[in-house]
Amino acid sequence: MAEKPFSLGYVGVGLMGGPMTQRLVSLGWKLRTYDIVPERSTTRSAADAAREADVVLLNLPTNDAVKDAVFGRDGVASAVGAKQLVVDFSTIPVSECRAHAARLLEQTGCRWVDAPVSGGPPASAAGTLTVMAGGEEGALERLAPLMRDISQRCTRMGPLGSGLAAKMINQLIVGVGHAMLAEAVALCGKAGIDAARVPDCLAGGYADSNVMKAYWPRMVEQDFAPRGYLRQLLKDLEMVNDWAGGMKAPAPMLGQALSLYRLAASHGYSELDSSAVVKLYKK
């Protein structure tokens, strides 16, 4: 196995980070990990994970978690310098990403790339994620060997924050798509047709999609073991709503989907898979 071109620190070894780190280790990457769950860590702090790494990867559930991991006590910022690079796979507000990057650069000289992903834990494990990246061209060129090992597609959308802007669009499409599928599954029951057969019936037509392939069967089978938490999609939709509102961009379909996800969370579905929004139609 050929030696990898740089070493990695990884902060956030959860639902997405866990399978990615396992894959990276299996492919021969030198990797030090940190997570707030000690059993997932090979180091004692985010700083320890970052200190000897050429590239530091973040994969965290919220902006507060990113801020704490980087700028908190024993955070990444206390251990990196100008020769290192921080890559954030997390989905956080565009403005916060830019603020974190500016602060890190001023304090340490270390540069930042936003690289949110789509595909869920199975794609993270298989190395078939879709990566939406923002940052300097040189930084993305440097990261190319890593991106080839974790993704089927990595697209630089522009300067810092552009990857997250693309992820906002992705989450708008996915979130509204979830709500639409839930409604369609419920309509199948009312119409007396076998919902389980619909994906095959529609395969190859305009209604076919990766979202349907992934989530329709879960909704029909009531399989809500979390591949991605409902609370996470709700968090992302709230973020997209704030982002669109800040630009005074109308987003009525987003508003409808967001209302459904807020209602689902109020019913106690937050820790279930995001497909559990269909449970609202069983009430």
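Modeller: Let's start with what covers the buried residues of helix 9: the covering parts include helix 7 and helix 8 (198-202). Keep in mind that this is a predicted model.

Biologist: Which residues of helix 9 are buried?

Modeller: The general idea comes from the helix itself. An α-helix has 3.6 residues a turn, so residues three or four places apart point the same way. In this structure, Val211, Met212, Tyr215, Trp216, Arg218 and Met219 are the buried ones in helix 9. They sit on the same side of helix 9, because their arc around the axis is only 170°.

Biologist: And what does the face turned away from the buried side of helix 9 carry?

Modeller: That face has the exposed residues Asn210, Lys213 and Glu221.

Biologist: How do I read a nonpolar core?

Modeller: In soluble globular proteins, nonpolar side chains tend to be buried together. Here the largest nonpolar core has 29 residues, and the members touching the most others are Leu181, Trp216, Met219 and Tyr261. Helix 7 (162-191), helix 9 (210-221), helix 10 (230-246) and helix 11 (252-266) each give two or more residues to this core. Another core, of 27 residues, lies apart from it, with Trp29, Leu85, Ala115 and Val131 among its members.

Biologist: Back to Trp216: which residues does Trp216 touch?

Modeller: Leaving out residues up to four places away in sequence, Trp216 touches Leu181, Ala184, Val185, Cys188, Ala195, Val198, Pro199 and Val211.

Biologist: What follows helix 9?

Modeller: Gln222 does, and the phi of Gln222 is positive, near 55°.

Conventions. Residues are numbered from 1 along each chain as its sequence is written. This is a predicted model: local features need pLDDT of at least 70, side-chain atom pairs count only at pLDDT 80 or more; totals for chains, interfaces and linings use all residues. Side-chain values use heavy atoms; hydrogens and water are left out. A nonpolar core is a set of buried Ala, Val, Leu, Ile, Met, Phe, Trp, Tyr and Cys residues joined through side-chain atoms within 4.5 Å. Buried means under 20% relative accessible area, exposed over 50%, partly exposed in between (1.4 Å probe, protein chains only). Helices (H or I, at least four residues) and strands (E, at least two) are DSSP runs, numbered from the N terminus. Contact means heavy atoms within 4.5 Å. The arc is that of the directions from the helix axis to the C-beta atoms.
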